[in-house]
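Here are a few notes to read alongside the structure.

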Amino acid sequence: MAEAHTEYEHPLMKGYREQLGFGFPQVAQVFEDCMAEALSALSREGIDAYLEYARFLCKMGRGAEPVLIFLEEWPSVATTLGESALPALKAFIHKMYKSPNGKAIVPFLQSLAATARRLHSQEQMQDYMDLTLDFMGRTTGSIHGIHTTFASPGLPEFFQQTPFLLSQVSIAGLKNWVEYGIRNYHDHPDRQRDYFSLQSADSRAMMQRERSGTLLFDNERKLDMYLRGLWNVSDHFVPYSLKFDELRKPIPYYDKLGIRLPDVFDDRNGVTGIDRYRAVLAHVVGHKRWTTAIFADNMSPFQRMSAEFLEDSRVEYLAMRQYPGLRRIFLALHPVPAEDACDPEQESAVRHRLAMLSRAILDANHPYQNPDIIEFAQRFHALMEQSESSTQEMADLAVAFGARTRRQSDQLPKIHFQDTEIDYRDDNRQMWKFIEEGDEEEAFDQNRKVELEEEIKGLPPRHYPEWDYNSQTYRPDWASVYEALHPKGNAADIDRLLDKHSALAKRLKRMLDLLKPQDKVRIRYQEEGSELDLDVALRSLIDFKGGATPDPRINMSHKTSGRNIAVMLLLDLSESLNESVFAGMGGKPPNSQKVAGSSQTILELSQEAVSLLAWAVDKLGDPFAIGGFHSDTRHDVRYLHIKGYSEQWNDEVKGRLAAMKAAYSTRMGAAMRHGAHYLENQKAEKKLMLILTDGEPSDVDTNDERLLIEDTRQAVKELDTKGIYTYCISLDPKADEYVRDIFGKQYTVIDNIQRLPERLPELFMALTK
Amino acid sequence: MSNKDQYKVHKEPFYQAQGKEVALYEAAYAARLPVMVKGPTGCGKSRFVEYMAWKLGKPLITVACNEDMTASDLVGRYLLDANGTRWLDGPLTTAARIGAICYLDEIVEARQDTTVVIHPLTDHRRTLPLDKKGELLEAHPDFQLVISYNPGYQNLMKDLKQSTKQRFTAFDFDYPGVKLETGIVAKETGTDEEMAAKLVKIGTTARNLKGHGLDEGISTRLLVYAATLIKGGVEPRDACRMALVRPITDDADIRETLDHAIDATFD
């Protein structure tokens with residue numbers, strides 16, 4: 001082709017070619033087409049600038065690709081943004097060219113046209129370029145902080161995703177999303193790449209959060225109530241995303257695991273997102289209630305499709321019989337295919353006909369003239385008027401409809417799809433059953449495969465967010481907490497410990513007895529009571545003297561209201577607990593040989609203390625739970641169940657306590673959030689969470705030591721809003737600096753760790769007095 | 001006795017029987033057995049008692065119990081007046097004297113020491129000791145004690161004592177079935193059956209949500225209110241929002257769901 005051009009070329013085109021100067025052979029091939037487009041789109045000056053800049057790109061030393069893309073894309077970009085956008089674009093590319101990120105120019109130019117279409121205006125484009133420059137500056141690596149030498153790993157990936165991202169979120173949303181990625185992954189090239197190519201889970205989660213529209217996540221409770229209230233059924237909702245599967249758009253369906261719904265619905269045709277969810281649910285419930293599966297084997301694919309359309313119409317008809325108001329929603333959501341939209345000579349019109357029939361059934365004022373459509377809509381209504389009809393009857397009607405309206409062209413590979421997709425309907429997988437291998441009598445000798453379900457090991461993880469103080473935002477679902485029963489040990493060990501402290505126990509017992517009767521509440525306005533209520537008595541006397549009827553309820557009495565406290569004790573079981581007491585105190589044992597019991601570790605002392613506390617609380621009768629925690633990165637926070645609220649203080653619990661072991665790190669925030677979800681459900685006036693720890697929150701995957709401290713502080717605030725009072729007992733003598741930051745005034749530092757066993761129960765009693 | 005007359009139910013109250021409760025009540029009354037009526041709020045407990053009093057032609061004395069009520073509020077007390085003191089019978093004493101049906105509504109709201117005073121009236125003794133006055137009152141042969149309570153929403157602390165419970169025969173009421181309730185709403189207010197059926201449908205929606213954010217569903221009483229409003233010319237959707245949804249919940253999610261149910265029910 002290129003040769004053909006050189007043989008004869010219009011003089012004008014030749015002039016342009018010279019203006020561009022030398023060219024790569026690939027450029028020569030497409031030059032003429034590009035120029036044709038450019039000439040129709042750009043002004044005279046625009047053409048000059050266009051060619052001039054293309055010339056620069058040729059000389060830039062990045063091969064033919066940038067210039068090729070620029071030549072192809074710019075005319076269409078200029079039509080959307082205006083020619084005057086070029087200088088800013090040039091400046092932007094120049095900056096990229098000067099940085100180590102030259103490789104990103106090609107993806108940038110590639111996505112330019114699509115991005116420009118999304119952004120519409122030059123101002124937004126400028127925002128976008130500023131955002132990208134900021135991104136580039138912050139992710140381009142440097143050595144010794146002087147020269148930037150490493151290209152930004154995420155930038156090329158980012159450009160590839162931009163058109164898609166902008167189709168989902170606004171430019172402001174994009175900015176937040178990018179911000180999050182930079183903040184968390186600026187020092188981790190692989191993760192950064194995953195994030196900006198939308199591969200990692202939190203990248204998608206962050207994007208979801210910036211989305212507009214009605215999120216399923218926010219409305220699950222309402223939809224659950226909708227099902228329960230209006231239809232008297234309940235089911236699980238399983239969201240799927242429409243946005244990551246471009247080729248095959250998933251559609252709603254249901255099976256024994258639940259109802260699959262899209263994760264987000266935008267408002268459409270005056271129907272709000274939540275009503276669109278309700279439409280899907282009404283449809284699905286209709287199937288569940290009225291559809292009986294029929295055999296698919298004897299029907300052709302077209303017949304099956306027809307039967308599905310009619311069955312869909314039937315269940316909706318029945319649903320509307322119950323709730324006539326649904327009609328408004330269905331009518332607004334159901335497409336109205338134009339009668340002449342499809343040329344049956346050119347494309348297969350099966351879907352088109354069925355969608356028209358479906359509309360005609362739903363909408364009494366439909367615009368269709370086709371006698372078959374009208375007749376079958378009438379036949380449908382005639383069937384429905386008598387009864388609920390049945391799936392089989394619909395299938396029969398569908399077969400009749402197919403026979404009447406069949407055309408040769410139905411077999412054409414090109415199917416008319418426009419306006420035939422009814423997106424609140426499910427995929428009807430539950431409507432069919434198949435004669436399977438093994439259902440035939442002669443196949444009796446074959447063994448059927450029975451799939452064994454995998455046994456569940458442990459509880460599935462629960463995910464908790466983590467607070468990032470740098471950005472003042474939560475990282476969604478950041479920490480995974482695995483809960484498990486604490487392994488069992490020998491319960492007698494704990495009894496021995498308690499015996500050892502029997503003197504202390506006796507003293508505690510006396511304090512407990514003092515604690516028990518408390519909270520005297522005065523009840524006023526009593527006709528009979530233990531004391532005269534002077535205020536009321538005087539008032540009555542005045543009434544009496546004044547000639548009015550006096551109020552006889554002039555006494556008051558007292559009653560004691562019981563303790564109403566639920567307690568949760570969280571034990572830090574991190575590695576540092578294994579240190580012996582003196583090491584833990586940050587010094588050498590003064591004269592370790594002589595002090596008896598100096599070989600005790602903090603863990604053992606904690607064990608004693610917790611046993612005594614548990615014994616004391618059990619005596620008081622407050623609901624009480626114990627949990628231990630440690631963590632090995634955010635992916636593995638372990639929460640060990642030692643005692644639950646419904647469990648007694650018995651050998652089982654003592655055994656678990658006896659087996660306490662210390663390992664790994666301290667991710668306190670996640671453990672507190674997990675503990676809180678148990679404590680929260682306790683029915684008590686006061687809820688107290690005691691945290692016994694020997695150091696600051698930290699974990700191996702976190703370099704910034706403030707991060708987990710700030711997260712824990714945030715967790716304390718969250719618990720506070722849930723009505724849970726947190727109190728920290730720290731065994732780290734140098735804890736004051738950070739513990740005050742986290743817990744405010746709600747903490748105690750126990751310097752003399754050896755006194756922990758007596759201090760812990762005392763502290764508890766002082767707190768709850 | 002004019003005193004007795006004022007407690008009579010003069011006009012027949014509309015009551016639609018749900019089962020055999022009318023005949024059973026008559027049998028209980030014939031033997032003068034104390035009766036307990038249980039059921040959710042607004043399902044027709046009080047109406048039933050009123051109807052039975054009318055049917056039996058007996059006076060009815062109703063006491064709405066509350067937390068501040070003391071034993072003297074039931075039995076009676078000495079009042080101070082210019083010349084000294086004067087005894088005034090409480091409603092329970094009056095009923096026992098004149099032979100009325102004494103109906104203690106929402107008995108669990110009263111404090112437990114108060115409920116104990118009814119014990120001697122509810123067993124074979126059928127007496128009421130007025131210890132302050134120094135009188136042992138023999139109950140009139142026509143006297144009967146009826147209590148009502150709603151086991152649904154009260155907390156554990158407010159349940160009736162076993163010793164109280166076991167002095168009564170009991171009826172368990174619930175909201176009537178769809179057809180019956182439709183008839184009740186239509187008959188009570190004079191709206192047409194179709195409108196009544198729609199109201200009942202909305203009522204059922206809310207009752208399905210009981211325990212999922214609602215303590216109680218929409219009662220028959222509220223349905224009647226809504227029908228009355230509609231009858232009075234209020235637009236049905238507005239009437240339903242006002243009479244059915246707004247009173248029962250402050251939870252935005254539930255409100256929205258019920259509002260949607262109203263929109264879906266009315267074409």
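1. Two strands pair if DSSP finds at least two bridges between them. Helices (H or I, at least four residues) and strands (E, at least two) are DSSP runs, numbered from the N terminus. In β8(B), V146(B) is the bridge partner of Y103(B). Strand β5 (residues 101-105) of chain B and β8 (residues 144-149) of chain B pair in the parallel sense over four bridges.

2. A word on the source: this is a predicted model, where local features need pLDDT of at least 70, side-chain atom pairs count only at pLDDT 80 or more, and totals for chains, interfaces and linings use all residues. Residues are numbered from 1 along each chain as its sequence is written, and chains are lettered from A and ligands numbered from 1 in the order in which they are written.

3. The open sheet of chain B has five strands in the order β2-β5-β8-β1-β9, with parallel pairing. Its edge strands, β2 (60-64) and β9 (169-172) of chain B, each pair on one side only.

4. In chain A, the axes of helix α10 (residues 171-185) and helix α12 (residues 201-210) come within 9 Å and cross at roughly 155° (axes are lines fitted to C-alpha atoms, for helices over the stretch in contact, and angles run from 0 to 180 degrees between N-to-C directions). α10(A) and α12(A) are therefore roughly antiparallel, a label for angles over 145 degrees.

5. Between the chains, the contact takes 19 residues from chain A and 24 residues from chain B (C-beta atoms, placed from the backbone, within 7 Å). Helix α13 (residues 216-231) of chain A gives the largest share of chain A's side, seven residues.

Key
Contact = placed C-beta atoms within 7 Å. Parallel < 35°, antiparallel > 145°, perpendicular 65-115°, else oblique.
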